[in-house]
Amino acid sequence: MEVLQKDRSTPLPQQLYKILLERISSGRYPAGKKLDSIRVLAREFKISDRVINQTLDLLERDQLIVRVPAKGIFISRCNTVANKPLRVIVFFPEVGILPEVLPVGNWHANNEIYRGMLEVGFANNTHIHLEYFPEPEDSFALNGQLQRLAGYDAAIFYGDQRRKLRSVAANEVAVVAAVQFGGPAEYYEHELAVGYSDEELVECLVNGIRGRGYRKCGCISVPAWEDDVAFLHWRMMEYCRLGQAAGLEMPEDALLEVALPTVTAEDEIVEFLRREKPDFLFYNGDDLKLLYNAVSKLSLLPGRDIDFMYIGASSLCPVCSHVAPSYREIGREMISRIVDYCRRERPIPSERIFLPPRIVSGNSTGWSINS
């Protein structure tokens, strides 16, 4: 029913915009024909001229109407509902990008995802808006955030952040989407989820080193204070399970888990490398400086005397080979699916979309990979 609900969080201009948009789409207001006057619309919907003008501004923004001085307002012949600009809001996870607020690796990942979104958005008349939303303190704040979503076609969230707003965002936007980072995030029905899986990252690593003739494959796990130690342990065990299934030599002695605090980590790594002498090493952590210092102390040359790789969110060390999620492709896939839904009426996938990772070559391995 074409009735404005004045008790809803959605502003009246946005509600009226959707009604008039449907009339244009259905042909009730054909291209080139004159739109009902402000007076007629105000009387029909029992609202002020001010609300009508705000709605017309929205239609003009999307190039769906043309205002002709002294003649009236006409439905655009050049632009239709099918090709009107789409508007997508992306919830940036932090208020700032300083290292103490958002780690460099996370910033790199978010930046690559956003770049992918922009590439597809630019080609499909889709505008991507990046904005920070804090966690709502109460229902009043949540209602205010919902109002800020009005006018957008889709809202994209990162992982499990902003759950309260994400759970009700479908009341305001056509598509609610979430970037899936590794481990399983909470998943809402009919939500678009695109990302990568931690299992596939480890599998990519093992597939990259199998068949290389390594006599002994080891692993060093070094947590930081903000890390999930249980997750790092799981990743090391998954690496061993898949490696052994692939026929790689992974004895228990070739596994080192450094405990917090890691003040003696470098010395532990030096002693481990001197004792075990692995010819391949999976470095399970982000502080690569510890490994490079230890290798240097033993006068080992990366890529010749020992090969090593890490699984990383970014090029933590550009010369080190690593397994990387396809962040830019995640952004591209996300916007492509939104465009398909909004313009071509294609359904949202009922399951998460996981994009395959890739291996980025560096001189820490003595072989090159076509990634």
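Me: Which exposed residues does the face of α2 turned away from its buried side carry?
Reply: This is a predicted model, and helix α2 covers residues 38-45. Its buried residues are Leu41, Ala42 and Phe45. Seen down the axis of α2, these fall within an arc of 100 degrees, so they line one face of the helix. The face turned away from that buried side carries the exposed residues Arg39 and Arg43.

Me: Against which helices do the buried residues of α2 pack?
Reply: The buried residues in question are Leu41, Ala42 and Phe45. Their packing partners are α1 (12-26) and α3 (49-61).

Me: Which residue follows α2, and what is its phi?
Reply: Helix α2 comprises residues 38-45. The residue that follows α2 is Lys46, with a positive phi near 55 degrees.

Me: What is the arc within which the buried residues of α10 fall?
Reply: Helix α10 spans residues 288-297, and its buried residues are Leu288, Leu290, Leu291, Ala294 and Val295. They line one face of the helix, because the arc within which they fall, seen down the axis of α10, is 155 degrees.

Me: Which residues are exposed on the other side of α10, and what covers its buried residues?
Reply: The cover over the buried residues of α10 includes α9 (265-276), β10 (280-284) and β11 (307-311). On the other side of α10, the exposed residues are Lys289, Ser296 and Lys297.

Me: Is Ile156 buried or exposed, and what is its relative accessible area?
Reply: Ile156 is placed in strand β5, residues 154-158. Leaving aside neighbours within four places in sequence, its contacts include Val88, Val90, Phe91, Met117, Val179 and Ile338. Ile156 is buried, and its relative accessible area is 0%.

Me: How many Å apart in space are Ile156 and Val270?
Reply: In sequence, Ile156 and Val270 are 114 residues apart. Taken C-alpha to C-alpha, their separation in space is 44 Å.

Me: Where is the proline of the cis peptide bond that joins Leu260 and Pro261?
Reply: The cis peptide bond between Leu260 and Pro261 has an omega of about -10 degrees. Pro261 is placed in the loop between β9 (255-257) and α9.

Me: What is the relative accessible area of Lys277?
Reply: Lys277 is not a glycine, although its phi is positive, about 50 degrees. It is placed in the loop between α9 and β10. Lys277 is exposed, with a relative accessible area of 61%.

Me: What is the relative accessible area of Glu345?
Reply: Glu345 is located in the loop between α11 (327-344) and β13 (353-354). Although Glu345 is not a glycine, it has a positive phi of about 60 degrees. This residue is exposed, and its relative accessible area is 71%.

Me: Why is the protein described as more spread out than a compact globule, and what is its radius of gyration?
Reply: The protein has 11 helices and 14 strands. For 371 residues the globule rule gives 21 Å, and the protein is well over this value, so it is more spread out than a compact globule; its radius of gyration is 27 Å.

Me: How far apart are the mean positions of the positive and negative charges of the protein?
Reply: The protein holds 43 positive and 50 negative charges.

Technical notes. Residues numbered from 1 in each chain as written. Predicted model: local features only at pLDDT ≥ 70, side-chain atom pairs only at ≥ 80, totals over all residues. Heavy atoms only, no water. Helix = DSSP H or I, 4+ residues; strand = E, 2+ residues; numbered from the N terminus. Rg over C-alpha atoms; globule rule 2.2 N^0.38 Å. Lys, Arg positive; Asp, Glu negative; His and termini not counted. Charge placed at Lys NZ, Arg CZ, Asp CG, Glu CD. Buried < 20%, exposed > 50% of the residue type's maximum accessible area, 1.4 Å probe, protein only. Arc of directions from axis to C-beta. Contact = heavy atoms within 4.5 Å.
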